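Please look over the sequence and the model shown below. A short tour under plain headings follows.

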Amino acid sequence: MRVFLAGATGVIGRRLVPLLVGRGHSVTGFVRRDADADWLRSLGAKAVGGDVFDADGVRRAVALAAPDGVMHQLTDLKSGNRQANSEMRVTGTRHLVDAALAAGVRRVVAQSIAWAYEAGPVPATEDVPLDLGSSGSRLRTVQGVAALEAAVREAPEWVVLRYGLLYGPGTWYARGGLMADAAARGELAADGGVSSFVHVDDAAGAAADALAWPAGFVNVCDDVPAPGREWVPAFGRAVGVVAEPVISDGERQGWARGASNEYARKSLNWAPAWPSWREGFAAL
């Protein structure tokens, strides 16, 4: 396929480009810097410059690439500004989907998250509604996710990848990452709230596979949803935090339920190379 990749130099994109090229796809990465364009070309990909917040520029870039599929791996997470990332989901996705539709692109694959589901007693499957009844900062996050997913569903063929918490080199959950700093300050909640993780390499592999998956939502996470009282101490040790966190016996919030990867495993034959955060954290 001819693939237009927005977010080609992000933490997933940098792993995804060589995967796609290695599988024989023709990749055009959407970049803002000349150095990033040079890096893409060194891998055998093409590059086109622009800013995702410039609707006309995005439209021109996609038309020039004439892709069979558009892949959305855009985030704005370097500074930890969740509001900026939500704006990327809303406005950036809108511009990208509009450009894809104008160019006659049939397939759009996009990055979403697996912790925006409504409250429930067990890890969420893909048919669980998004938590649009929440409030505050969580509601703003969920609204951004809902806008992204609604836009992507306008494509004739679409796959929304609902990633678990990304960990591994270059992510927040890595040595020197944002959450390693939070762990050192004792700010990660070692409580009953359940999270699902996915190694960044597994996330990139799922994105490459998704070019051939049937339309729908897919939870992309490992096999072991876990409460903070289990994963927070293990993560702290893995990133060199000396002090053990204070373990709380408090109950979880209803939405902090993790996500199930059963659909990806049974229906799509996808399995994470890192099936558990336990082994993955130990290798950080």
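Ala 155 is found in the loop between H5 and S6. The model is a predicted one. Is Ala 155 buried or exposed? The cut-off for buried is under 20% relative accessible area. Ala 155 has 5% relative accessibility, so Ala 155 counts as buried.

What does Ala 155 touch, leaving aside its neighbours within four places in sequence? Ala 155 is in contact with Leu 101, Arg 106 and Val 108. Gly 7 is another matter. The C-alpha atoms of Ala 155 and Gly 7 are separated by 19 Å. Along the chain, these two residues are 148 residues apart.

Strands of a sheet pair through backbone hydrogen bonds. The pairing can be parallel or antiparallel.

## Around strand S2

Strand S2 spans residues 26-31. It is mostly covered, with 5 of its 6 residues buried. S2 pairs with S1 in the parallel sense over 5 bridges. In that pairing, Arg 2 has Ser 26 of S2 as its bridge partner. S1, helix H1 (residues 13-22) and S2 make a right-handed β-α-β unit.

S2 also pairs with S3, again in the parallel sense. This pairing has 4 bridges. Gly 29 stands opposite Ala 47 in S3. Val 31 stands opposite Gly 49 in S3. The chain crosses from S2 to S3 through helix H2, residues 34-42. This β-α-β crossover is right-handed.

## Around strand S6

Strand S6 is mostly covered too: 6 of its 7 residues are buried. S6 pairs with strand S5 (residues 107-113) in the parallel sense, over 7 bridges. Ala 110 stands opposite Val 160 in S6. Helix H5 (residues 136-152) carries the chain from S5 across to S6, and this β-α-β crossover is right-handed.

How many bridges join S6 to S10? There are 5, and the two strands run parallel. Val 159 stands opposite Gly 216 in S10.

## Aromatic pairs

How many aromatic pairs does the structure hold? It holds 12. One of them joins Phe 4 and Phe 30. Their ring centres are 5.6 Å apart and their planes are at 40 degrees, so the pair is tilted. Phe 4 lies in strand S1 and Phe 30 in strand S2, so the pair ties together parts that are 26 residues apart in sequence. Phe 4 has 0% relative accessibility and counts as buried. Phe 30 is buried as well, with a relative accessible area of 6%.

Tyr 167 and Phe 281 form an aromatic pair that is edge-to-face. Their centres are 5.2 Å apart, with 85 degrees between the planes. Why does this pair tie together parts 114 residues apart in sequence? Because Tyr 167 lies in strand S7 (residues 165-167) and Phe 281 in helix H10 (residues 277-282). Tyr 167 is buried, and so is Phe 281. Both belong to a cluster linked by ring pairs.

## Arginines over rings

Two arginines lie over ring faces. Arg 138 lies over the face of Trp 255, at 4.0 Å from the ring centre. Arg 162 lies over the face of Phe 217, and its distance from the ring centre is 4.0 Å.

Notes
Residues are numbered from 1 along each chain as its sequence is written. This is a predicted model: local features need pLDDT of at least 70, side-chain atom pairs count only at pLDDT 80 or more; totals for chains, interfaces and linings use all residues. Side-chain values use heavy atoms; hydrogens and water are left out. Two strands pair if DSSP finds at least two bridges between them. Buried means under 20% relative accessible area, exposed over 50%, partly exposed in between (1.4 Å probe, protein chains only). A crossover is right-handed if, with the strands pointing away from the viewer, the path from the first strand over the helix to the second runs clockwise. Rings of Phe, Tyr and Trp (its six-membered ring) pair if their centres lie within 6.5 Å; planes under 30 degrees apart count as stacked, over 60 as edge-to-face and the rest as tilted. A charge sits over a ring if NZ of Lys or CZ of Arg is within 6 Å of the ring centre and within 35 degrees of the ring normal. Contact means heavy atoms within 4.5 Å.
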